[in-house]
Every structure is written in structure tokens, then in C-alpha cells.
Amino acid sequence: MTKSIGDRIRILREFRDVTQEKLAEHSGVSVDTIRKLEQNIRQSARINTLRALARALDVQLERLLGQPTVTPQPTDEGGLLALRDAIQDIDALPGVPLDGDPEEPPTADAWVSDIRQATGQYWAGDYSSLSSTLPMLLRDGRAVARETPSELVWRQLALAYQLAASLATQAGHPDWAFGAVEKQLAAAQRASDPLAEGMGVSTLSWVLLRQGRWEQAQAVAETKADDLEPSFRRGTADQLAVYGNLLVAAATPAARRDQHDEALHLLTTAESAAIRSGSVKAYGSAFSVADVRTQKVNIALAGSESRPDEALRMAGDVDLDSISRPVHSASHRVDVAQAQFQTGDYEGALTTLLEVEEDQPEWIRFQTLAAATVTEMLEAERRRNALLRGLASRLGVDPTL
């Protein structure tokens with residue numbers, strides 16, 4: 001039998017030996033809301049309410065929502081467990097004897113080309129293909145770095161671990177991702193590349209955000225941004241892009257902590273950097289004015305008080321055609337759907353989500369906000385909607401709610 005969100009809240013609360021009143025006190029969520037959720041009178045709540053309950057219950061949001069944490073159709077060569085094993089490679093530990101690889105590693109040029117292709121798979125949302133190939137790419141990368149320890153190889157190995165951290169986080173395993181970030185930062189240091197280190201800290205900030213460590217997520221990104229702050233007149237496009245990405249990374253946890261003015265200030269500075277740099281693709285990421293403006297939409301929905309009208313107004317300033325990464329465009333449109341739903345435009349929200357699913361059928365199944373929005377829409381449903389219930393079923397949300 002499928003457990004509801006309320007069932008999970010009750011089970012976790014009772015496991016912690018916490019009363020509904022005490023949970024309300026720790027989370028800032030009303031006792032009435034908690035009671036209605038646990039009694040299944042309400043099937044869901046605003047995403048920020050669920051985040052607050054997850055923090056108070058000391059669990060990740062994905063667990064509270066019952067979000068899937070696996071990729072479909074694992075292969076003999078890869079999959080999430082193979083990715084875990086590649087990140088937590090026993091042979092890479094100090095003092096542990098190497099078994100040795102019976103196969104010759106690829107050439108540095110061939111491996112670098114494979115990493116570039118893998119980066120494209122990640123930003124296209126092709127997680128199944130990436131999870132099949134990335135474990136071997138990590139092992140090959142370590143072998144290439146042992147034989148050809150150039151700065152280029154170390155920089156690309158940092159990017160490989162960045163992909164591993166990102167994929168593990170998307171699949172609901174931020175603890176694995178933390179280990180990948182450690183290796184990303186170590187490789188960036190071996191590359192003697194401060195900008196690669198900056199992108200490593202940006203990745204770390206996102207992992208900490210997904211772990212619910214908001215204060216630390218903001219602090220590490222802001223501190224690194226201060227360290228790398230370039231001259232706006234003399235800074236290169238790459239310097240401005242990495243700096244701007246760190247500011248964007250810091251803004252999201254600031255908004256989650258209800259520091260909206262600080263979050264907006266960070267994004268305003270990032271937008272100035274984007275205007276100066278132009279559209280940049282570097283270090284496995286992208287940076288542009290459109291990227292920053294999508295984040296303004298996101299932070300308007302964050303924190304204890306969501307501002308969906310403001311989010312929709314800001315969304316009007318986003319040029320979707322200029323967003324170079326398909327999954328970033330999809331993520332922005334999921335934010336828009338949440339804002340549409342919160343302003344009462346249920347039909348518009350459903351249309352937006354169905355469009356995202358059509359573009360990114362695999363990616364959307366791993367998105368907590370999409371599942372939470374659909375759950376809220378089911379609860380608010382006035383009459384049965386076959387399109388909504390079909391979407392709910394495909395996202396793993398119980399359509400009988």
C-alpha cells in the first residue's frame with residue numbers, strides 16, 4: 001500500500017518520539033496543518049511547508065515525499081550503484097593495494113572527448129545513458145591522470161566528479177555527491193586552476209542545499225565568490241562566469257532562510273556580471289543573463305512566504321530561447337508551474353508541466369518540486385482530470401489521492 005506524505009510525517013514523528021505540538025514548534029508549521037496531513041484530510045502542503053517539516057524531522061525532503069532515487073533501466077556497465085562504487089573507489093584510498101586494471105586506459109585526448117560528451121548528456125537530461133557510462137569514465141580518468149598528470153587532465157577529472165556529484169544529487173543521493181565533490185576539489189587543486197576550484201565550491205553549495213544545510217551552502221559560496229571576485233573592467237568572461245555562478249549558488253539558500261533582500265542583492269550582482277561577460281559555457285556549466293533571471297523566479301517561491309505573483313512577473317523577463325541547457329529551461333518552467341498553481345491558474349500549471357514532461361520525460365521524474373506541485377493539484381482537484389492523474393501516475397504520485 002502506498003504511503004501518503006502524512007503517513008510518512010506521522011511515522012517519522014513517532015520514531016523521533018515527538019508530539020504534533022513539538023513538531024509544530026520546531027518547524028514553524030501549525031499544529032492544525034500537521035494534524036490534517038497525518039489524518040490524510042490534506043494530502044499535501046506548500047513545498048516550503050514540506051521543507052520545514054523535513055528539516056524538523058531531520059530527513060531529506062525527497063524521503064518525506066517518497067521521491068524515486070533510482071534511474072530506469074540500469075545496464076551491466078553502470079547504474080547508480082556502479083556510480084556509488086566509482087565515487088567511493090576502494091583502490092583510491094591511501095594504503096589500499098591497487099588491483100590493477102587489465103585493460104589499457106584510453107588516451108588523454110579520447111578521454112577528454114568522452115567527458116565533453118558526458119557533460120552534454122547531463123545538461124540534456126539523459127540520465128540513463130550518463131549513469132551507464134560515467135562510472136567507467138571516472139575509473140578511466142583516474143588511470144589517465146596517473147599516466148598523464150597534466151593540468152588539462154586534472155581539470156577534466158574535476159569536471160567528471162562534478163558530473164558525478166550532480167547526477168547523484170539529482171537521483172536523491174546527496175551523501176554520495178558530497179564524496180564526489182571532495183574529489184572534484186582535490187582534482188581542481190592538482191590542476192592549479194582557481195576557477196575549477198570555484199566551480200567545485202558552487203557544486204558543493206548545491207549539494208549542501210539539497211542536504212538541508214542552508215546556512216553552510218550560502219556561506220561557502222559567498223566566501224569563495226569574495227575570493228575570486230574579478231575586476232569588472234579587466235575580468236575575463238570565464239572569471240565573471242564562475243564568480244556569477246557562485247553568487248547564484250549563494251542566493252538560493254539565502255532565500256530558503258528568508259533572507260530575500262540578500263538573495264536579490266546577490267542575483268543583481270550576478271546579473272551585472274552576466275551582462276559584462278555575455279553568454280559563457282565553461283567548466284561544465286553555463287552563465288548568462290537568462291540563467292540569473294530564472295533564479296530570481298526561483299527565489300520568489302522560496303522561504304516561509306511564497307510570492308507567486310512576483311515570480312510570474314519576473315518570469316516575463318526570461319527569454320526561454322536564450323537558455324542553452326535543456327534541463328535548466330525545464331527547471332525554470334517547473335518553477336513557473338508552481339507559481340501558476342499558487343495564483344489559481346490550475347489549467348496553466350498543468351499545461352506547463354505537461355510541456356516539460358514532453359521535453360524532459362526522464363528528468364521530470366526526479367524533480368521534487370514537480371511531484372509536490374502535482375500532489376497539491378490533486379488535492380485541489382474539483383473534478384477528475386484524466387491528464388492530471390496520468391501525469392501523477394507517471395511521476396510516482398498516487399493518483400487515487
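This is a dialogue on how to read some features of a predicted model.

Reader: What should I know about the model before I start?

Author: The model is predicted, so local features need pLDDT of at least 70 and side-chain atom pairs count only at pLDDT 80 or more, while totals for chains, interfaces and linings use all residues. Residues are numbered from 1 along each chain as its sequence is written, and side-chain values use heavy atoms, with hydrogens and water left out.

Reader: Is helix α4 mostly covered or mostly exposed, and which of its residues are buried?

Author: Two terms come first. Helices (H or I, at least four residues) and strands (E, at least two) are DSSP runs, numbered from the N terminus. Buried means under 20% relative accessible area, exposed means over 50%, and partly exposed lies in between (1.4 Å probe, protein chains only). Helix α4, residues 47–57, is mostly covered, with 8 of its 11 residues buried. The buried residues are Ile-47, Asn-48, Leu-50, Arg-51, Ala-52, Leu-53, Ala-54 and Leu-57. Just after α4, Asp-58 has a positive phi of about 65°.

Reader: How many salt bridges does the structure hold?

Author: A salt bridge is a side-chain nitrogen of Lys or Arg within 4 Å of a carboxyl oxygen of Asp or Glu. The structure holds 16 of them. One of them joins the side chains of Glu-38 and Arg-13, at 2.6 Å from N to O. This pair links distant parts of the chain: Glu-38 is in helix α3 (residues 31–38) and Arg-13 in helix α1 (residues 5–15), 25 residues apart.

Reader: Why does Glu-38 count as buried?

Author: Glu-38 counts as buried because its relative accessibility is 9%. Arg-13 counts as buried too, at 10%.

Reader: Where do Asp-32 and Lys-36 lie?

Author: Here is the general idea. An α-helix has 3.6 residues a turn, so residues three or four places apart point the same way. Asp-32 and Lys-36 both lie in helix α3, 4 residues apart, about one turn of the helix. They form a salt bridge, with the closest N and O atoms 3.2 Å apart. Asp-32 is partly exposed at 38% relative accessible area, and Lys-36 is partly exposed at 31%.

Reader: At what angle do helices α15 and α16 pack?

Author: Two packed helices are described by the angle between their axes and the distance between the axes. Axes are lines fitted to C-alpha atoms, for helices over the stretch in contact, and angles run from 0 to 180 degrees between N-to-C directions. Helix α15 (residues 289–300) and helix α16 (residues 308–315) pack at about 170°, with their axes 8 Å apart. That makes α15 roughly antiparallel to α16 (under 35 degrees is roughly parallel, over 145 roughly antiparallel, 65 to 115 roughly perpendicular and the rest oblique). The contact (heavy atoms within 4.5 Å) is made by Lys-296, Val-297 and Ala-300 of α15 and by Glu-310, Ala-311, Met-314 and Ala-315 of α16.

Reader: Which residues of the largest nonpolar core touch the most other members?

Author: In soluble globular proteins, nonpolar side chains tend to be buried together. A nonpolar core is a set of buried Ala, Val, Leu, Ile, Met, Phe, Trp, Tyr and Cys residues joined through side-chain atoms within 4.5 Å. The largest core here has 86 residues, and Leu-83, Trp-111, Leu-134 and Leu-138 touch the most other members. Helix α9 (residues 151–170) gives the largest share of this core, 12 residues. Leaving aside neighbours within four places in sequence, Leu-134 is in contact with Leu-83, Ala-160, Leu-163, Ala-164 and Leu-167. A second, separate core of 30 residues includes Leu-247, Ala-270, Val-280 and Val-292.
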